[in-house]
Amino acid sequence: MTERATAMPAVWIGEHGTGPRVVLVHGTMDRSSSFGRVSRVLDDLRVIRYDRRGYGRSVETGPPVSFDQQVDDLLDVLGGEPAVVFGHSYGGTIALGAAARAPEPVRSVGVYECPLPWMPWWPTTSAGASAVAAAKDPSEAAERFMRRLIGDRRWERLPPSTRDARRAEGPTLVAEMANLRTGEAPFRLADISVPVVASNGSEGVAHHARSARAVAAGVADGEHHVVEGVGHGIHLTHPAELARLIRRAVARADERGS
């Protein structure tokens, strides 16, 4: 696999392959490299990954000032050229926001367990919200989030430089939680006209499953999938299953003729 890396004013982008374009959007306290295993089994597609603002190789851009700025970044990555967009977790919410605002370059959307914290049923004790609420500063919030995500033992085994890098992403974690918890929806699901493939894992938490069902039911052309035996980190643990979901989103775009 040969990857071509480019730099934009806001975010770092990497891409490889040829064929239909697919843009992958990572979640909170993550980065584009976590899609490496998935990318390797999508060798017939032109896969574009980017480190979102405030993470990984885009950490120097600082935290996002708003959810809209995250959507701006994704639309900049698309560059007006049509693509299927897949988002994991928070990245899925950004993908939906882009489809609601600018459907022309978005052929279809795939989302896996994306948060909808403006919904009345969304818990106030999600991983991100709990980490931010309990921490005295952003770096501690980032560490608390990572410990909850991967466990204390794995966190302690990480090299000091890696732990420092993750703590440095704390301001972005704090900003992202605030940007989606304003009390108002950043977009309306009903405004999304492109096909949407929404999915969750059978081993995930109840509100993630409810979110996937709500997305599929709330958009004009949605479908819902449950991946058996899988939790939230499907891109890390079950890349082949995630690749199938992405291919389904590509197929939906092709069926629609977009």
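A residue is called buried when its relative accessible area is under 20%, exposed when that area is over 50%, and partly exposed in between, with a 1.4 Å probe and only protein chains taken into account. The structure shown here is a predicted model, in which local features need a pLDDT of at least 70 and side-chain atom pairs count only at pLDDT 80 or more, whereas totals for chains, interfaces and linings use all residues. Residues are numbered from 1 along each chain as its sequence is written, and side-chain values use heavy atoms, with hydrogens and water left out.

Along the principal axes, the C-alpha atoms fill a box of roughly 50 × 45 × 35 Å, and 54% of the 258 residues count as buried. Among the contacts with a separation of 6 or more, 73% come from residues 24 or more positions apart, a contact meaning heavy atoms within 4.5 Å.

S89 sits in the loop between β5 (83-88) and α3 (90-101), and S89 counts as buried because its relative accessible area is 13%. Although S89 is not a glycine, it has a positive phi of about 55 degrees.

A second residue with a positive phi is E113, which is not a glycine either and whose angle is about 50 degrees. E113 belongs to the loop between β6 and α4 (127-134), and E113 is buried because its relative accessibility is 1%.

With a relative accessibility of 12%, R107 counts as buried, and its side chain is joined to the side chain of D254 by a polar contact of 2.6 Å. Such a contact is a pair of N or O atoms within 3.5 Å; within protein, one must be able to donate a hydrogen and the other to accept it, and residues adjacent in sequence count only if both atoms are side-chain atoms. R107 and F35 are 72 residues apart in sequence, and from C-alpha to C-alpha they are 20 Å apart in space.

Key. Helix = DSSP H or I, 4+ residues; strand = E, 2+ residues; numbered from the N terminus.
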